[in-house]
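Please open the structure in your viewer and keep the selection tool at hand. The stops below go from one selection to the next.

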Amino acid sequence: MARLVIVSNRVAIPGDRALKAGGLAVARKESLGPTGGLWFGWSGQIVAKPPANPKRISAEGMDYAALDLSPEEHETYYAGFSNATLWPLFHYRLGLIDFRRAQLKGYLAVNARYAQALVELIRPDDTIWVHDYHFIPLAEMLRRLGVKNPIGFFLHIPFPAPEVLSALPGHEQLTHSLLAYDLVGFQTEIDRHAFERCVIEHGQGTLDETGRLVSGERRVTTGAYPVGIDVDEFAGWAEKNASSRETKNLVDSLSGRKLMIGVDRLDYSKGIPKRFEAFEELLGTWSKHRRNVTFLQVAPISRGEVAQYRSLRRELEALAGRINGKYAEVDWTPVRYINKPVARPTLAGFYRHARIGLVTPVRDGMNLVAKEYVAAQNPEDPGVLVLSHLAGAAHELQAALLVNPFDVESVAEAIHRGLVMPLEERRERWAEMRTVLGHTTQQDWTRRFLAALGAARETLPADAAA
Ligand code: ADQ
């Protein structure tokens, strides 16, 4: 069987405790499982003079190849172009973009260095799967170095409409470089269509009769492959940890009050400030919920080196302080706001006790927390998911209470509705969502993407395969 080579920003070497919370780490680790393979990316280390060759580790039947970054590379490629330009741009937050030519230069230079290091490791029958916005130009650079293997790309975050993308200096080069992949995959059909529009409207390609993009000699398949979770594993954690010591401590501390939970990386795409305001609105409008519901927000610090993330942290501290100042009683704190990371199995136990799961990103590729919350529920007494319609997950979880995260009053209404929802309706909504989750698991996602990558190559004439 052909070897699978995964490329992602961060390599999760077994036992690496420094790895932060995040969807990609979870998703990719599972996707390498059955076939074994090579995982290539950043080691997480920043060193003054990074060696040209990656560190090689073999563990649990897998090979890992990890490169260090220099402080300048980390600043320009990672904190700069990836997370201060592409991240806000792809999440439709034009006002937060901090574009600098030096950062774009650093981004391209790191991609070139990665391509150079990777080409030494690739075997002729490898299949290469590149993940996310850090590596958009990688295939083009690998092709220039003579790599003819199948290369697929999956974007975990949204792809912006052409009108938004065009705010980026040099955006034509970026979209054009995606055409060096054989398959470009997205979370939703909306993202896929946005990419297709960008290519066509900027004159970089046309559609053939089978729906593939044609650009010069190249034919590129595009598709929507919504990321799923390992539903059985997560449900198992939830059942087991529903009575763990941490969960017992949490439940005891609630003194019989209902729990509402939000879990995110501390990121402005997740809509946390508006969510806090919605909770404030709930307490202001429905006095019966005062003292009767506690909101637990878990949001470990993420990308603390980027200025916009530091100001978000200050904003949330002020909001939590304001709401607690206004409504707290000696024996009840309305908002519990935690910046410490909490392990996913522990969170699973918390979800099972939470009457409301509040997932209100202002834009999100998918949002796995929404799916994990559903997977964790007790079928006999499930909680209610309040979900932003701007999360990719909303396309699948139609039985959630869907909200517009910018409309604070409507989010408050949905929370109220969830808090008073009869058991029968909760069960019906949950059963519908649980069925959907079972059809798009983590394993299905990997299988579908790799099958599409295989098919994308099979249908190509031999001379167009590279
Ligand atoms: P993220 O933006 O990191 O991922 P999300 O999908 O919510 O967001 O992924 C979270 C994963 O990390 C989940 O498995 C979750 O349990 C874990 N996680 C999140 N917050 C956590 C916390 N506070 N403590 C512990 N674990 C936490 C990116 C995209 C998403 C896309 C994923 C996967 O931004 O839109 O869903 O990749 O493709």
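Begin at the interface of domain 1 and domain 2, where the rule finds zero salt bridges, a salt bridge being a side-chain nitrogen of Lys or Arg within 4 Å of a carboxyl oxygen of Asp or Glu. Across this interface there are, however, seven residue pairs in polar contact, both residues at pLDDT 80 or more; a polar contact is a pair of N or O atoms within 3.5 Å, where within protein one must be able to donate a hydrogen and the other to accept it, and residues adjacent in sequence count only if both atoms are side-chain atoms.

This is a predicted model, in which local features need pLDDT of at least 70 and side-chain atom pairs count only at pLDDT 80 or more, while totals for chains, interfaces and linings use all residues. Residues are numbered from 1 along each chain as its sequence is written, and side-chain values use heavy atoms, with hydrogens and water left out.

To see both sides, colour residues 4-228 together with 443-460 as domain 1, and residues 231-438 as domain 2, bounds that come from an automatic or database domain assignment. The contact, meaning heavy atoms within 4.5 Å, takes 29 residues from domain 1 and 24 residues from domain 2. Between them the two domains bury about 2,000 Å², 62% of it on carbon and sulfur atoms; this buried area is the accessible area (1.4 Å probe) that two parts lose on being put together, summed over both.

Next select Trp87, His91 and Leu96, which supply 23% of the area that domain 1 buries against domain 2, more than any other three residues. Then show α1 (23-32) and α2 (71-90), the elements that give two or more residues to this side of domain 1; α2 gives the most, with seven residues. Helices here are DSSP runs of H or I with at least four residues, strands are runs of E with at least two, and both are numbered from the N terminus.

Move on to helix α12 (residues 344-353), which is largely enclosed by the rest of the structure because seven of its ten residues are buried, that is, under 20% relative accessible area with a 1.4 Å probe, protein chains only. Among the buried residues of α12 are Leu347, Phe350 and Arg352, and what covers the buried residues includes α8 (231-241), β11 (258-263) and α13 (368-376).

Finish in helix α10 (residues 272-285) by selecting Glu280. Is Glu280 buried or exposed? Glu280 is buried, with a relative accessible area of 10%, and, not counting residues up to four places away in sequence, Glu280 touches Arg322, Ile323, Lys326 and Tyr327.

Technical notes
Buried < 20%, exposed > 50% of the residue type's maximum accessible area, 1.4 Å probe, protein only.
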